[in-house]
Structure formats: C-alpha cells, structure tokens
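User: I've got a model open here and want to go through a few spots. Can you take them one at a time?
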Amino acid sequence: MIRLLPLVLIVLAPLPVPSAAASTTVCALSCDTLDPSKAQQETFPLPDKDINGRKLVLHESDVDGMVWASIDQGTTGDSVWLDRSWDGGATWEGLLGKASIPSTWTGTRTLMYNVHDPVGHRRGVVRACGDANAVACTDWLRPEVCDKVCDNMDPSLAVGDVQPVAPGSLYGRTIRLHTDANGMAWATIENSGAGDEVWLDRSWNEGASWPDGASLGRTSSTRTTMFATRDPRAKLYGAAVRACGREASHQNGSCTAWARPAPTRSGAAADALMYSYDTYQAWWPSSWWNSAAALTALIDYARDTQNHDYDWVIGRTFELNKGTFAAGVRSSDPVEGDFISRAIDDSAWWGLAWIAAYEYTHDNLYLTEATKIADYISGFWDTDTCGGGVWWNRERTYKNAVTNGAYLRLTAALHINTEGDTLWGERAVTVGNWYLSSGLINSANQVNDGLTGDCRNNGQTVWTYNQGLAIGAFTELWRATADQRWMNTATRLADAVGQGVLTEACEPDCDDNQKQFKGILVRYLSEVGYQPYLRTQADSLWTTDRDSLNHLGLRWAGGNPNPFDWRTQASALEALTAIGSADRARVDGGVAAQ
C-alpha cells in the first residue's frame, strides 16, 4: 500500500463561529469580476426576491460556473451584491461586486463571480442580496450536493454497500463508513445506547479541512442519511468522507479514516487524477509532455466507459495551451504555439493526444492540430544519418525509440483519419520499414532506448514506454495498411514484454518522466489483446498499490517506498482502462489475445 490513513480520535468541544474570510479572487474557468455580457448562457436558478417593490434576481451561467445579481424597478442609490460562502452559509464573503443604481436608472447588476473553486478544492454557495431601504437576500444556491442522486437520500435506496476502510470503535460502539455504486456515503453506529450520535464528515481537499461538510446527517439514530461525494457541476470529483460517532456520556468521539468511494476501479482512478488538474490553467502542473499523456489517459477512460463527466477537459486543455509560452511556464523550453517546442518527442506526445481527442469527439479541430504537429515533426526526418529516422531534438543530437515510435503511430493514425490521404500513409510505411531495419529492436525483441552515433543499438534501458509505443505504432500501421507483417511485428514485440507484474528499471527511484512509462505500454498492449496479463496488472495495482483515497503509486506490486503523484495516477488509470480495451480488441477482430 502506498499510504495508510489512520483511525482518528477527536475531541468534541464547542466550535468557534468563524469570521467571514476576506474576499479573494477565485479563478476557475474564468476569474471573478467577468462582465455578464461575456456569459455563455443565462438562467434564473432561484425565485426572485422582492425588496420594497424592487426585484432582486440571481443570474447563473452554468457553462461558466459563475453567477451575477441584479436589482430592477428601483431608484437611485438602491444597491445589489453577492454573498459567497465556503462553509455552507455559516460565514461568507459579503458585498461581492456591490453596485448602486445611478441617477436616472432603475436598475443595475454586479459583475460575475465563480460559485465554486475547483483549483482550491472548495465548494461554494452563493446568494444575491440587495438594499432598498431594507436589506434582503435570496436563498443560498444549491446547498445540497448532487451527482447521480442528491444529499440526504435514505440508505435503504443505496445501490450496494461497500465499507472502504476499517471501522472505528469507541466505548464498545462500532462506527462504520459505507459507500455505494453511486458514490453515496453514510455512517452507522452499532451497539449504541440512548443519546449516542453518529455523523459523516465530507472534505473536498482529501481531509485537510471540511468547512462545508462537518457533522453531516448528525443523528441519535443508528445511521445517517446518504451524502454525495462528487459534484460534477462544481468540477469537484471524489470528496473524501469519514464516519464519526460519540458515546452519550463522553465528549470525545471517534472517526474512521478518510476514504474516497470507488464505484468502479477506473472511475475512482480518474476522479483522483482530476484532483490534480488545474482547471484554470488547464493542465497538470508542472510537466508538459506528461500532461499530454495524462489527457490521453483520460480520453481513453472516457471512450472506454462512455462517461462524459470530463469531456470539457479536452476542449479546455486545447484552447488554453495552443498558444505560446515562455521557457519555464509550461516546459523548460519555450512552447512556440500549436504544442510545438524544440523537444520533438514532447511535440509528438501532444500529437498523439489530439488524434485521440479527434477519434473520441470527431471534432476536426483536433485532427487539424495533430496534422500541424506531424508536419513539424516531419521536418526532422532525414536519411543522412542512419538512413532515416526522426531526431529527438531540434539540435539533431540523437535518434531514439520513443520519438520514432510516436511519429510512426501518429502518421499511421493520420492516414486512417484523413479522407483520401496518401501522404501520411506513405510516410507511415517508410517509417515502419526504417524502424524494423534500424537496430532499435534487439535480438530479444525488446526496444532499447536509441541508436549510437554510428547507428547501432546503444544497448541502453528497455523502457516500458519504448516497447509500448512500438507495439502501438505497428498495430496502427496494420490498421492503416491491412499488411499482416505489421501486426506480426506488434505481436512479436508484445510477446517479449514478459510475465508477472510490470516494473520499471528505475523503481522505486524513478523521475517524473519515468513514473508514467508503464501506462503507455499497457495502453498499446491492450490493442492487441493480452487480457489475462493486463488483468494481472490491474488487480495487483488495485489491491496492493492503492490507499483509501484511491491514490495509485509507482510500484504496481506495492512495496515501500512507493511514490505517488498524478503521473503515477495517470499511468495506473491506463492499466485499469486497458482491461476493457483488451476485451474490445478481441471483439473487433484484432490478433488473438494471449
């Protein structure tokens, strides 16, 4: 296991009433104070409020995740503003965007403010307020959390009952956390007596704090109602929850460890991956090519499950990252527009992401982008050194497996997806023939890192993603040409992967790049079947490499130390998704699964 979350003993004492926090700018899809003229939609989620004949209205653009307030039928000096609370309405940031009706006008409005803060992992509630010789406010907007179902459902309606962490105990009482297939959670207390209490805590920041989720459903009954742990509208996926209880004659209580529900394995992994996505900057800080690979993992998951919760991530990542960035902002190199930089392999990873996005969404925008990137990479193919191959970098210092595997995959995919194409198909066959004769594949049918200056296999590490890219490239070339020799090559390379649970040569001290390699291998291995082998990976990492928050670490067989971050999470998500992809490969008539 990569982390054990301990049972928590708490002391119950009167809680101080927190003061209203100072107003701070929140940036989600846009930043606070956006002009309402830029709203993508306008709805009216709450009843209007009458203040001495004035009409107070809360406006919402759900697409933007923002609201604004207006007051009409008023007179000079009447004012309107927003309140926003991060603790369910106990305290609030007041007077946001306050505006007063100017002379000769009968109404005015505020600017737009975000309801929620997914970057800061905070769920908000908002209301419109006004002053027209009296102060009044609308209700708070959506104080209850809703996903497939909403807060306060009866546990008798639960779809299954999973207890994700060990129960807690206190003075002979047993406190249990329960979750179901809809991601709902509830708490129970056993062997209880009169006056005992049980409740649920819900945290959007993995248990660091829970200002809007303390003592949910607190009751002297033996169980709470159910509460949702996902809020897709707020772009908050997978709250941590814990069950807590108190014995009547004592002030101290006991809580279980925090846990994220796991209705499905791949869904739980995707939710935990999204926790690290920066909604405002639209990437996973701070790795450029790794973000492309993580986005592709998310697309693979969405395609495999038809879960569309994260579809917005594709377009947002594209729109906010297609421009230019100075060195150090996205990559150590400048990004020169269209996801292109001096690192040819980095550019290729983004090309693969956008061709995957096109195949999932059928939006030509992504096919066009993948083509631009492939055109750029093509400029670094030459036959002067080693008879062919794409250079790893703009300085043309190295011809290696990862760059050429990615380019072969990309050219073959462009041929498949570009109507009437001959150019990309011809290039793909040229690359495939060169790859086979290049010496990159050793006598054991494994792919070493690259070529020496005199064009021989350099004998360097057989990284898992080199092998995976080669398998995926030749599989795609087979799809593009129907030439069986390409599939025979892919199968030969897949057979050489080995047995048991995958390990990377660098474990457990892998760098940020290496943390993501194994996911690339299983992504492409799944396209040629190998379902039993892939299930071994998925079962091992789920049972030995996961903590109660569904974090998935570097070492799929478990062990200590076992580093975790979003890169290891994306890699493991590919393994959990690959099981379904492997089954689909069998149905679609790919090579026989091993």
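User: Which residues are buried in α1?
Analyst: In α1, Ser266, Gly267, Ala268, Ala269, Ala270, Asp271, Ala272, Leu273 and Met274 are buried. Buried means under 20% relative accessible area, exposed over 50% and partly exposed in between, with a 1.4 Å probe and protein chains only. Helices here are DSSP runs of H or I with at least four residues, strands are runs of E with at least two, and both are numbered from the N terminus.
User: Which residue caps the N-terminal end of α1?
Analyst: Thr264 does, with a side-chain oxygen 2.9 Å from the backbone nitrogen of Gly267.
User: What should I know about the model itself?
Analyst: This is a predicted model: local features need pLDDT of at least 70, side-chain atom pairs count only at pLDDT 80 or more, and totals for chains, interfaces and linings use all residues. Residues are numbered from 1 along each chain as its sequence is written, and side-chain values use heavy atoms, leaving out hydrogens and water.
User: Switching to Asp231. Buried or exposed?
Analyst: Asp231 is buried, at a relative accessible area of 3%. The residue lies in strand β17, residues 230-231.
User: What does Asp231 touch?
Analyst: Not counting residues up to four places away in sequence, Asp231 touches Arg123, Val145, Cys146, Trp204 and Leu236. Contact means heavy atoms within 4.5 Å.
User: And where is Thr225?
Analyst: Thr225 sits in the loop between β15 (216-219) and β16 (227-228). At 26% relative accessibility, Thr225 counts as partly exposed.
User: Which side chain is joined to that of Thr225 by a polar contact?
Analyst: That of Asn152, at 3.1 Å. A polar contact is a pair of N or O atoms within 3.5 Å; within protein, one must be able to donate a hydrogen and the other to accept it, and residues adjacent in sequence count only if both atoms are side-chain atoms.
User: Last one, α7 and α9. At what angle do their axes cross?
Analyst: Roughly 45 degrees, with the axes of α7 (residues 423-437) and α9 (residues 484-495) coming within 12 Å. The crossing of α7 and α9 is left-handed.
User: Which residues make the contact?
Analyst: Gly432, Asn433 and Leu436 of α7, and Arg485, Trp486, Thr489 and Arg492 of α9.

How values were computed: Axes fitted to C-alpha atoms, helices over the stretch in contact; angles between N-to-C directions. Left-handed = near helix turned anticlockwise from the far one by under 90°.
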